[in-house]
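Morning, everyone. I'd like to walk you through one model today, so please have the sequence and the structure open.

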Amino acid sequence: MSNQRKKPFQIEAFKHKVVVDPKYGDKTWKVLEHAIHEIYNQNSSNLSFEELYRNAYNMVLHKFGERLYSGLVATMTSHLKEIAKSIEVSQGGSFLEELNRKWAEHNKALQMIRDILMYMDRTFVPSTHKIPVYELGLNLWRDNVIHSSSIQTRLLNTLLDLVLKERTGEVINRGLMRNIIKMFMDLGTSVYQEDFEKPFLEVSANFYHIESQQFIECCDCGEYLRKAERRLNEEIERVSHYLDLKSEEKITKVVEKEMVAIHMLRLVNMENSGMVKMLLDDKYEDLGRMYNLFRRVTNGSNTVRDVMTSHIRDTGKQLVTDPERVKDPVEFVQRLLDEKDKYDKIINLAFGNDKTFQNALNSSFEYFINLNPRSPEFISLFVDDKLRKGLKGVSEEDVEVVLDKVMMLFRYLQEKDVFEKYYKQHLAKRLLSGKTVSDDAERSLIVKLKTECGYQFTSKLEGMFTDMKTSQDTIQGFYSTHGSELGDGPSLVVQVLTTGSWPTQPSAPCNLPAEVSVLCEKFRSYYLGTHTGRRLSWQTNMGTADLKATFGKGQRHELNVSTYQMCILMLFNNADKLTYREIELATEIPSIELKRCLQSLALVKGKNVLRKEPMSKDIGENDSFLFNDKFTSKFYKVKIGTVVAQKESEPEKQETRQRVEEDRKPQIEAAVVRIMKSRKVLDHNNIIAEVTKQLQSRFLPNPVEIKKRIESLIEREFLERDSVDRKLYRYLA
């Protein structure tokens with residue numbers, strides 16, 4: 001086979017020249033122009049759209065695209081000028097209706113024309129960078145109708161007038177308004193903004209500026225806020241009905257500025273109706289309205305919060321510093337809890353549980369509770385009152401609620417260690433007198449304190465409960481061993497308290513009656529016989545006794561008294577009358593305690609088993625006391641005791657404060673050593689900051705005291721000063 005080369009094919013150009021009739025463009029355009037006129041005159045039913053499309057197609061194909069496009073512009077412009085004239089002559093309410101009707105007709109016509117000229121739209125328009133047919137029709141409507149000198153201003157004024165009528169309570173045709181506004185939006189965002197939105201916002205600002213001035217002069221704060229809220233809601237509703245949704249933010253900002261921001265400070269401080277008055281009267285609805293309106297404007301939320309904070313701090317300060325209010329500790333703490341409940345409810349119902357408001361409330365309470373140095377003592381007394389009697393018959397859930405409220409106040413205390421001191425004293429008295437409402441409630445509070453402050457805070461409190469249980473076992477052992485020897489004499493119940501766990505105070509032991517003293521010695525011998533290496537010291541200031549007493553006419557009563565009161569009363573078995581000096585000498589009870597005991601025995605109505613000469617409210621050192629034969633009571637058992645929730649006297653208060661300060665010293669030193677051990681070298685200011693940070697959960701250490709503790713540690717060679725920089729400390733291992 002031979003290899004033959006293949007010849008490539010060649011396609012030659014069509015030699016015959018096609019000649020188009022020079023009048024073809026004009027003839028075809030006349031057909032299309034007639035069709036456009038018919039469409040605008042609403043006679044399109046007789047037209048053949050297929051034929052018209054073919055004509056337009058051929059014009060473009062035969063390079064008459066420019067003729068077709070320019071002819072379209074001229075024809076549409078001519079029609080739109082006629083339409084503008086017919087709109088101009090319409091009067092009154094028919095003006096907008098005519099405009100709306102003509103716009104709808106133009107839109108319909110435009111769609112038909114676009115369909116006929118579709119081929120031109122797809123080929124000629126993109127290649128020559130001209131405007132597509134539909135968009136062209138909108139632009140021509142804008143330029144020839146909407147921007148017509150006799151329509152533009154009239155249209156804007158008509159629309160703004162309708163808005164004003166609606167604002168003043170008249171009913172308008174919202175459907176018509178919606179169509180006209182949509183026309184603006186269809187013509188382009190810039191047309192809507194320039195031709196309507198900007199003037200609308202300016203007119204609205206002026207309207208609300210004038211109206212707000214009128215309202216602020218004649219309305220109280222609550223009424224003004226209701227009107228402002230209504231206006232804001234009206235504008236939001238207006239946008240949803242017939243304006244562009246993007247206008248909502250702009251018009252609400254106008255209302256917020258003119259009706260809220262400008263008058264904000266005047267409103268919150270309005271006399272007899274401003275925010276303080278609302279807070280005092282628990283106006284949750286008005287406060288909620290104020291919060292919701294003000295937080296829409298810059299610094300609005302801060303303004304509301306600042307006024308609330310200032311008011312809470314002022315009222316709180318009055319509460320904790322008023323000499324009358326602090327006379328009753330239980331009432332004092334209850335008032336604090338009531339205030340907290342009140343503002344918690346306001347923040348919840350009116351301020352949407354706003355965390356910043358809750359934080360402001362907490363910081364305000366922390367501020368004013370710590371203005372009164374006795375707050376820790378008073379909170380402990382409140383707990384004492386509740387756990388002795390205040391929670392009797394109350395459900396467990398309600399007990400927990402009260403304890404949680406107490407813990408909330410406890411968290412505000414800067415001197416938590418002072419509370420611990422008083423709480424330990426009051427708990428000891430409750431446990432020893434058996435007067436606690438519920439062991440479960442006591443333990444629940446200790447668990448809460450432990451969770452809040454750690455094991456160290458509550459270890460001694462838990463030890464007190466352990467001692468109470470151990471003491472029951474010990475006394476049972478004593479009676480099972482010595483019960484037969486004791487006979488019919490007095491019976492003894494002893495609580496053995498571990499030194500360190502209990503707030504025992506060094507007190508001079510009083511002289512016990514002989515029959516009781518013998519029994520105490522027997523118990524001492526038994527206890528020390530079963531527990532080697534221990535010591536017992538009697539805390540007579542913490543005990544109680546039950547005495548059987550016979551009064552005139554053979555009336556018998558059982559008296560429940562303190563150990564001190566028992567010692568006093570037993571003296572009257574051998575004497576009818578004793579002076580204060582004789583009682584003091586015979587019992588050796590400390591003077592302050594003796595006066596308290598005699599007061600409760602002789603001066604409390606219904607409990608006065610002794611008589612005092614001369615009669616007066618206070619106990620004097622020259623007074624005499626007699627057994628009151630005429631004492632009567634409808635109860636067989638009569639409890640005679642000193643006031644439980646009694647505040648400390650000034651010397652006792654100073655003594656407690658001194659003990660607290662002493663307890664703080666080792667804690668400060670331990671914190672300094674911990675910090676220096678990890679940091680090795682640190683300057684004075686940083687040590688102060690670190691120690692404060694570590695100890696603030698228990699108390700706020702005084703910088704002066706921290707400096708003293710540092711000096712003490714330097715003396716004991718735990719730390720040393722830097723030889724060059726005297727403010728720098730080094731840790732000595």
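Some housekeeping before that. This is a predicted model, so local features need a pLDDT of at least 70 and side-chain atom pairs count only at pLDDT 80 or more, while totals for chains, interfaces and linings use all residues. Residues are numbered from 1 along each chain as its sequence is written, and side-chain values use heavy atoms, with hydrogens and water left out.

Okay, aromatics. How many aromatic pairs does a search of the whole structure find? The search finds 23. A pair here means rings of Phe, Tyr or Trp (its six-membered ring) with centres within 6.5 Å; planes under 30 degrees apart count as stacked, over 60 as edge-to-face, and the rest as tilted. Take Phe 184 and Phe 196: the ring centres are 6.5 Å apart and the planes sit at 20°, so we call that pair stacked. Now look at where they are. Phe 184 belongs to helix 9 (residues 174-186) and Phe 196 to helix 10 (residues 189-218), so this pair ties together parts 12 residues apart in sequence. When I say helix, I mean a DSSP run of H or I with at least four residues, and a strand is a run of E with at least two, both numbered from the N terminus.

While we're on rings, a couple of arginines are worth a click. Arg 154 lies over the face of Phe 95, 4.0 Å from the ring centre. Arg 305 lies over the face of Phe 357, at 5.9 Å from that ring centre. The rule for that is NZ of Lys or CZ of Arg within 6 Å of the ring centre and within 35 degrees of the ring normal.

For two strands to count as paired, DSSP has to find at least two bridges between them. Strand 7 (residues 681-683) meets strand 9 over 3 bridges. There, Val 681 stands opposite Arg 730, and Asp 683 has Leu 728 as its bridge partner. Strand 8 (residues 719-721) also pairs with strand 9 over 3 bridges, and Leu 719 stands opposite Tyr 731. A hairpin of 6 residues links strand 8 to strand 9. Which residues of strand 9 (residues 728-731) are on the covered face? Tyr 729 and Tyr 731 are, while Leu 728 and Arg 730 are on the uncovered one.

Next, helix packing. The axes of helix 25 (residues 563-571) and helix 27 (residues 591-602) come within 10 Å and cross at roughly 70°. That makes the two helices roughly perpendicular, a label that covers 65 to 115 degrees; under 35 is roughly parallel, over 145 roughly antiparallel, and the rest oblique. Axes are lines fitted to C-alpha atoms, for helices over the stretch in contact, with angles from 0 to 180 degrees between N-to-C directions.

Last stop, the loops. His 129 has a phi near 55°, which is positive for a residue other than glycine. You'll find His 129 between helix 6 (124-128) and helix 7 (133-146), and at 73% relative accessibility it counts as exposed. Asn 299 also has a positive phi, near 65°. Asn 299 is in the loop between helix 15 (284-294) and helix 16 (300-321), and at 47% it counts as partly exposed. Finally, Gly 274 is in the loop between helix 13 (264-268) and helix 14 (275-280), and at 1% relative accessibility Gly 274 counts as buried.

That's my tour, thanks.

Terms used
Buried means under 20% relative accessible area, exposed over 50%, partly exposed in between (1.4 Å probe, protein chains only).
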